[in-house]
Amino acid sequence: LPKFIHQPVLPTTPMEWVMVLGIVFFSLTGQLLMNQGFFYCRGWEGGVLMSSEVIFTASVGIFCFEDPATWRFWTGGLLILICVIVMNRLQAGADAAG
């Protein structure tokens, strides 16, 4: 953002404007659909889904766009996975007790 504010580059061709409008449209549509979907799940389930989104996004970057996967990526992914498993076990225990 600071670089853009210092020296903004706006779309110059109609195709670039179509791409910008497409990004805006699909981003807003995706966010609205995701919010509607969260209406049908519990809070902890939504949290797990949102935490998992980071891993899926990073995996697509690695496998499709050949982004480098450093030890930080693997450590963070492992921590998120452990948290998801712990939260699921805690919720299963709470459901069984209650």
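Trainee: Why is arginine 42 called partly exposed?
Mentor: The relative accessible area of arginine 42 is 45%. Buried means under 20% relative accessible area, exposed means over 50%, and partly exposed is in between, with a 1.4 Å probe and protein chains only. The value for arginine 42 falls in between, so the residue counts as partly exposed. Please note that this is a predicted model, in which local features need pLDDT of at least 70 and side-chain atom pairs count only at pLDDT 80 or more, while totals for chains, interfaces and linings use all residues. Residues are numbered from 1 along each chain as its sequence is written, and side-chain values use heavy atoms, with hydrogens and water left out.

Trainee: What makes arginine 42 and glutamate 45 a salt bridge?
Mentor: The closest N and O atoms of the two residues are 3.8 Å apart. A salt bridge requires a side-chain nitrogen of Lys or Arg within 4 Å of a carboxyl oxygen of Asp or Glu, so the pair qualifies. The search of the whole structure finds 1 salt bridge.

Trainee: Why is the pair of phenylalanine 39 and tyrosine 40 edge-to-face?
Mentor: The ring centres of phenylalanine 39 and tyrosine 40 are 5.2 Å apart and the planes stand at 85°, so this pair is edge-to-face. Both residues are also exposed, since phenylalanine 39 has a relative accessible area of 66% and tyrosine 40 has one of 68%.

Trainee: Where is the place of phenylalanine 26?
Mentor: Phenylalanine 26 is in helix α2, residues 14–38. Helices are DSSP runs of H or I with at least four residues, strands are runs of E with at least two, and both are numbered from the N terminus. Tryptophan 17 is also in helix α2; with a relative accessible area of 42%, tryptophan 17 is partly exposed. The C-alpha atoms of tryptophan 17 and glycine 46 are 29 residues apart along the chain and separated by 34 Å.

Trainee: How many helices and strands does the chain have?
Mentor: The chain has 4 helices and 0 strands, and from the N terminus on its elements run α-α-α-α.

Trainee: How do you know that the chain is more spread out than a compact globule?
Mentor: The radius of gyration of the chain is 19 Å, well over the 13 Å that the globule rule gives for 98 residues, so the chain is more spread out than a compact globule. The radius is taken over C-alpha atoms, and the rule is 2.2 Å times the number of residues to the power 0.38. Along the principal axes, the C-alpha atoms fill a box of roughly 60 × 35 × 25 Å. Buried residues make up 10% of the 98 residues.

Definitions and conventions. Rings of Phe, Tyr and Trp (its six-membered ring) pair if their centres lie within 6.5 Å; planes under 30 degrees apart count as stacked, over 60 as edge-to-face and the rest as tilted.
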